[in-house]
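The following exercises concern the fold of one protein chain and the open spaces in it. Please study the sequence and the model, then work through each solution in order.

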Amino acid sequence: VYCTYLGGAGDDRAYGIAVDASGSAYVAGSTMSSNFPTVSAAQSSLAGGRNAFVLKLNAAGDMLIFSTYLGGNGADTANGIAVDPAGASYVVGDTTSMNFPANALQTGYHGSQDAFVTKISPNGRQFLYSTYLGGASTDHGAAIAVDSSGTVYVTGSTYSADFPVANAYQRSLAGGEDAFVTRLSSTGNSLLFSTYLGGSGGSVSYPETGQGIALDAAGDACVVGVTGSADFPVSNALQPALLGELDAFVAKVNSSGGLLYSTYLGGSGIDIGNAIAVDASGAAYVAGYTYSTDFPVVGGFQTALGGGCDAFLAKLSPNGASLLYATYLGGSGSDTASGVAVDSGGNVYLTGWTFSSNFPVVSPGG
């Protein structure tokens, strides 16, 4: 329908996309270009070596409605974006800028890297609020979702023992790195809840981080990520024990921060959960990749590992107690699923990458 470049003379990378009811696309990422195309910008110039960017394309893809830098004098990257019904956009990411334009919950830079959350007006001309989110160590903002009232849910990871918590299921850092789940008020000035979610593991080699988040119709947040902790907090778990060096995890948190379920998902190898979507019934669709020959398969299109690692898709029941289906997807090379979406008819869409010349392909209509 359309395809366009977006960028300037430097390095430009897009990491998140959202679409509104009119078909306009909102894109977020990072840029090192001093001539990145800006229109109706809240921040019209590159402030550091690398800034985040946020932009809106019209439905035809031939016009920028707005495009803005977002950042300070350090390195800033937007990793995820969500849009509310009014057209305001919300981004989450990482910053090392001491002068990041923060005016809400946390106005000061606390660690070697902080996460950030920013709300941008529908016309792109204002940062309606912007806040750091982090403690004294390294914090990473990975994914974001927004509900109908304009409150946002974010997930990622933290090494900070003083990460901001409120109404927390888990109040303390349990290991080197823990995942976190945080809900911010609609003004960005207060935490409705914020909790660690992790065990005694967590390191650069064996990460423990939230990678994706999605909301169901009840306002509960479904989170997917990865853990290497044998004592990761589980509740009403489909799989109560760590089976490999790293397993995916799937958790559902209610709007008050209570843990509805939390489960490992994986086999005896390495399993990484990258993305999540939720259907109208509250069932969660989880995508990622696995090295496990014994990944739990239920009614799978592909029942065996095809290569070094394969993508996987799994559907969990609304209460997390059962796998409705789970399948490998890949060929003899390495394959990864990095994004997932589900439509109103229950059809699931995956995206990722492959090194397999025999990746399973089906022609349109075939």
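**Exercise 1.** Determine what percentage of the contacts between residues at least 6 apart in sequence join residues at least 24 apart.

*Solution.* The model is a predicted one. Step one: take the contacts in the chain between residues at least 6 apart in sequence. Step two: among these contacts, 59% join residues at least 24 apart. Step three: turn to the secondary structure, where the chain has 22 strands and 0 helices.

**Exercise 2.** Describe the largest pocket by its volume, its lining residues and their division into classes.

*Solution.* Step one: the volume of the largest pocket is about 1700 Å³. Step two: its lining has 46 residues, and those nearest the centre are Tyr15, Gly16, Ile17, Ala18 and Ile81. Step three: strand β1 (residues 12–19) supplies the largest share of this lining, 8 residues. Step four: by class, the lining holds 31 nonpolar, 12 polar and 3 charged residues.

**Exercise 3.** Which strand gives the largest share of the lining of the second largest pocket?

*Solution.* Step one: the second largest pocket holds about 460 Å³ of space. Step two: 22 residues line this pocket, with Leu313, Leu329, Val348, Tyr349 and Leu350 closest to its centre. Step three: the largest share of the lining, 7 residues, comes from β22.

Note on methods. Residues numbered from 1 in each chain as written. Predicted model: local features only at pLDDT ≥ 70, side-chain atom pairs only at ≥ 80, totals over all residues. Heavy atoms only, no water. 1 Å grid on protein atoms, 1.4 Å probe; cavity = no way out; pocket = protein on both sides within 12 Å on 5 of 7 lines; lining within 4 Å. Points joined across faces, edges and corners; volume = space filled by probe spheres on them. Helix = DSSP H or I, 4+ residues; strand = E, 2+ residues; numbered from the N terminus. Nonpolar A, V, L, I, M, F, W, Y, C, P; charged D, E, K, R; others polar. Contact = heavy atoms within 4.5 Å.
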